There are 2 protein chains.
Amino acid sequence: MNCDALKKAIREVPDFPKPGILFYDITPVLADAKLFQQSIAVLCERHVKQKPKTVAAIDARGFIFGAAVAQKLGVGFIPIRKKGKLPFTTLDESYDLEYGSATISMHVDAVKKGDTILIVDDLLATGGTAAACARLIERQGGKIVEIAFLIELAGLKGRAKLTRYPVFSAIVYEGG
Amino acid sequence: MNCDALKKAIREVPDFPKPGILFYDITPVLADAKLFQQSIAVLCERHVKQKPKTVAAIDARGFIFGAAVAQKLGVGFIPIRKKGKLPFTTLDESYDLEYGSATISMHVDAVKKGDTILIVDDLLATGGTAAACARLIERQGGKIVEIAFLIELAGLKGRAKLTRYPVFSAIVYEGG
């Protein structure tokens, strides 16, 4: 699928969330009915014939794309969240950030052995969050059919952390 | 639509996020393909013939239902977020919490005068967040066609803050 219209709609916001960072703002894509539908279609198209059992996504922007993909495919949805946000018993995984670390959690009953899972997120940057998400799913015996991103910042080399999985990105920016 | 199956799947978690609170956990609804589709269908059904221009929702659980509703209706999506999370110029609204206050933000270009907006959230509790969300949209000239919740805690009287708008809830618990 040609993603030029999506790429054209993404707004570049300098110095957000901090000085020196160029932020790719996807809200103009979301706000436009056609572009939003196209962004979901491009994440779904490799999974229409052989559907995953469930789509997993990480809060908060990942929820937007992941839930819409699950709705379009007609499958279930698993929320993966920052530690402390999920109410039932969780599994946790930590990963390194530029300064310090972060921990994400998934309910222990979200994935059963042999379940096929499509992970969806808005942005592949350093890949740490997606890799931790994949580890949570694999610890419960789930099989990751793909990790699909709307945007990839190729300069940050996030794919190097995800070499064990099929990775798809709709729009690639060469920088970081 | 009969929502008994949805209600049966909702898991009651005592003492989350703090002692004395009974939390209604919707993740078993999300994880089940049929129940997730049903939860989205019941939020959409009054809007299929006359569609809103856009669906607005508040992070993080609101994004799950709001984005899936927007996908199913084939319309755009507006994320409303805690202050500081949106990259472009925002409008802000504050509202009271039990202790202290909170502020939510929306991009200034998310709503244009006369736009019809469906607000979607998972839970109607005290109604403060939804009322603030509605004020943000009305400040930009948007018209709120409905505020739709999956769950309403009737004992907290959130509807009293939303009397100016059509309010729908799929599942009502009498307590708080």
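## Ground rules

This is a predicted model, in which local features need pLDDT of at least 70, side-chain atom pairs count only at pLDDT 80 or more, and totals for chains, interfaces and linings use all residues. Residues are numbered from 1 along each chain as its sequence is written, chains are lettered from A and ligands numbered from 1 in the order in which they are written, and side-chain values use heavy atoms, with hydrogens and water left out.

## Helix α3 of chain A

Let's begin with α3(A), which covers residues 33-44. Helices here are DSSP runs of H or I with at least four residues, strands are runs of E with at least two, and both are numbered from the N terminus. The 12 residues of α3(A) reach 17 Å from the first C-alpha to the last, close to the 16 Å expected at 1.5 Å a residue; the expected span is 1.5 Å times one less than the number of residues.

The helix is mostly covered, with 9 of its 12 residues buried. Buried means under 20% relative accessible area, exposed means over 50%, and partly exposed lies in between (1.4 Å probe, protein chains only). Among the buried residues are L35(A), F36(A), I40(A) and C44(A). At the start of the helix, a side-chain oxygen of D32(A) comes to within 3.1 Å of the backbone nitrogen of K34(A).

## Salt bridges

Over all chains, the count comes to 24 salt bridges, each being a side-chain nitrogen of Lys or Arg within 4 Å of a carboxyl oxygen of Asp or Glu. One of them joins D25(A) to R11(A), with the closest N and O atoms 2.9 Å apart. D25(A) sits in strand β2 (residues 22-25) and R11(A) in strand β1 (residues 11-14) of chain A, so the pair ties together parts that are 14 residues apart in sequence. Both D25(A) and R11(A) are buried.

In chain B, R61(B) pairs with D122(B), and their closest N and O atoms are 2.5 Å apart. This pair links distant parts of the chain, helix α4 (residues 61-73) for R61(B) and strand β7 (residues 116-124) for D122(B), 61 residues apart. R61(B) is partly exposed at 24% relative accessible area, whereas D122(B) is buried at 8%. Another bridge, 2.7 Å between the closest N and O atoms, connects R135(B) with E93(B). Here R135(B) belongs to helix α5 (residues 128-139) and E93(B) to strand β5 (residues 90-96) of chain B, 42 residues apart. Salt bridges that share partners also join R11(A), D25(A) and D109(B) into one network.

## Two buried residues of chain B

H47(B) lies in the loop between α3 (33-44) and β3 (54-58) of chain B. Its relative accessible area is 5%, so H47(B) is buried. The side chains of H47(B) and E146(B) are joined by a polar contact of 2.6 Å; the term covers a pair of N or O atoms within 3.5 Å, where within protein one must be able to donate a hydrogen and the other to accept it, and residues adjacent in sequence count only if both atoms are side-chain atoms.

I151(B) is in strand β8 (residues 143-153) of chain B and counts as buried at 2% relative accessibility. Leaving aside neighbours within four places in sequence, I151(B) is in contact (heavy atoms within 4.5 Å) with residues including I10(B), Y24(B), D122(B) and Y173(B). I151(B) and D121(B) are 30 residues apart in sequence and 8.7 Å apart in space, C-alpha to C-alpha.
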